[in-house]
Amino acid sequence: MLGTALRRAVARVIDFAGRGLLLDVEGTTTSIAFVYDTLFPYARNNLRAFLAERAADPDVLAACEVIARESDAESLAQFLRERAADPHALESEVLRRMDADDKSTGLKQLQGLIWRAGYERGELRGHVYPDVPVAFAEWTVQGADIRIYSSGSVEAQRLLFSYSTAGPLDGYIRGHYDTRVGPKRSGESYRRIVGDMRREPPDVLFFSDTVEEVAAAGEAGLATVLVRRTAGPAPASQPVIAHFGEVRLI
């Protein structure tokens, strides 16, 4: 149902009286195809060279340390000792996790570092839908507090919006959250984010293309809107938009 701060106006426009805006990325601000057809293959194709070139980089070592510990090794050193016969053991473990679409913290950190190198070299540009920069600009003028919550790492989020196809959008965004705050289908995660935003739950509108995420945010008391960039099923009681122009701050 529509909350007290959220109501359907004329046509498909939804009026929202709050100023906290929390947005998912994949399928919401950004095409899922960009993530699966561009970002993931880029990380895979550049993994071996990246590990060889950046083996001594503290950030890379830290991400690899997490991957090793998530693989039940006491440390990266132990992981490598136990697999000394395979010079590409770490690469194989990372590829295994990629194949499984693992959401592990270490993998996300390493992917983010590979993508950062690609963005900085001009080989990657973050996809955003055309309505995203327009809405960000309008909402910011109206005093919106725009935040991002994605299963992708905070590093990956910042890069996508800093090097977007529409130009730098990072200046519009006040905060980023990833799964370190909690699973996206857990109401507690949204309560933590709202607390960090220093707002009351009804003053925050969560946008996502995933019904289960919207349900979790709603359970935590947030206003919610389901984003359907393409046709798809949606709960009858759930506000649905096709683009950000259908949300108006009042």
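Both faces of strand β6 are covered: V204, F206 and S208 are buried on one side, L205 and F207 on the other. Buried means under 20% relative accessible area, exposed over 50%, and partly exposed in between, with a 1.4 Å probe and protein chains only. Strands are DSSP runs of E with at least two residues, helices are runs of H or I with at least four, and both are numbered from the N terminus. This is a predicted model, in which local features need pLDDT of at least 70 and side-chain atom pairs count only at pLDDT 80 or more, while totals for chains, interfaces and linings use all residues. Residues are numbered from 1 along each chain as its sequence is written, and side-chain values use heavy atoms, with hydrogens and water left out.

Stay with β6. It spans residues 204–208, and five of its five residues are buried, so the strand is largely enclosed by the rest of the structure.

Now look at the neighbours of β6. Two strands pair if DSSP finds at least two bridges between them. Strand β3 (residues 20–23) pairs with β6 in the parallel sense, over four bridges. Here L22 stands opposite F206. Strand β7 also runs parallel to β6, joined by four bridges. In β7, T224 is the bridge partner of F206. Between β6 and β7 the chain passes through helix α9 (residues 211–219), and this β-α-β crossover is right-handed. That means a clockwise path from the first strand over the helix to the second, with the strands pointing away from the viewer.

Next, the charged pairs. Side chains of opposite charge can pair when their charged atoms come close. A salt bridge is a side-chain nitrogen of Lys or Arg within 4 Å of a carboxyl oxygen of Asp or Glu. By this rule the count is 24 salt bridges. One of them joins R248 and D15, with the closest N and O atoms 2.7 Å apart. This pair links distant parts of the chain: R248 is in strand β9 (residues 247–249), D15 is in strand β2 (residues 14–16), and 233 residues separate them. R248 is partly exposed at 39% relative accessibility. D15 is buried at 2%.

R229 and D131 form another salt bridge, with the closest N and O atoms 2.7 Å apart. R229 lies in the loop between β7 (223–227) and β8 (240–241) and D131 in helix α6 (residues 131–141), so the pair ties together parts 98 residues apart in sequence. D131 is buried, at 16% relative accessibility.

Move on to helix α4. R97 meets E70 in a salt bridge of 3.8 Å, N to O. R97 lies in α4 and E70 in helix α2 (residues 58–70), so this pair ties together parts 27 residues apart in sequence. R97 is buried at 4% relative accessible area, whereas E70 is partly exposed at 31%. The pair belongs to a network of salt bridges that links E70, E93, R96, R97 and D102.

What surrounds E93, beyond residues up to four places away in sequence? E93 touches I67, S71 and F79, where contact means heavy atoms within 4.5 Å. E93 lies in α4 (residues 89–99). It is buried, with a relative accessible area of 11%. Its side chain makes a polar contact with the side chain of S71, at 2.9 Å. A polar contact is a pair of N or O atoms within 3.5 Å; within protein, one must be able to donate a hydrogen and the other to accept it, and residues adjacent in sequence count only if both atoms are side-chain atoms.
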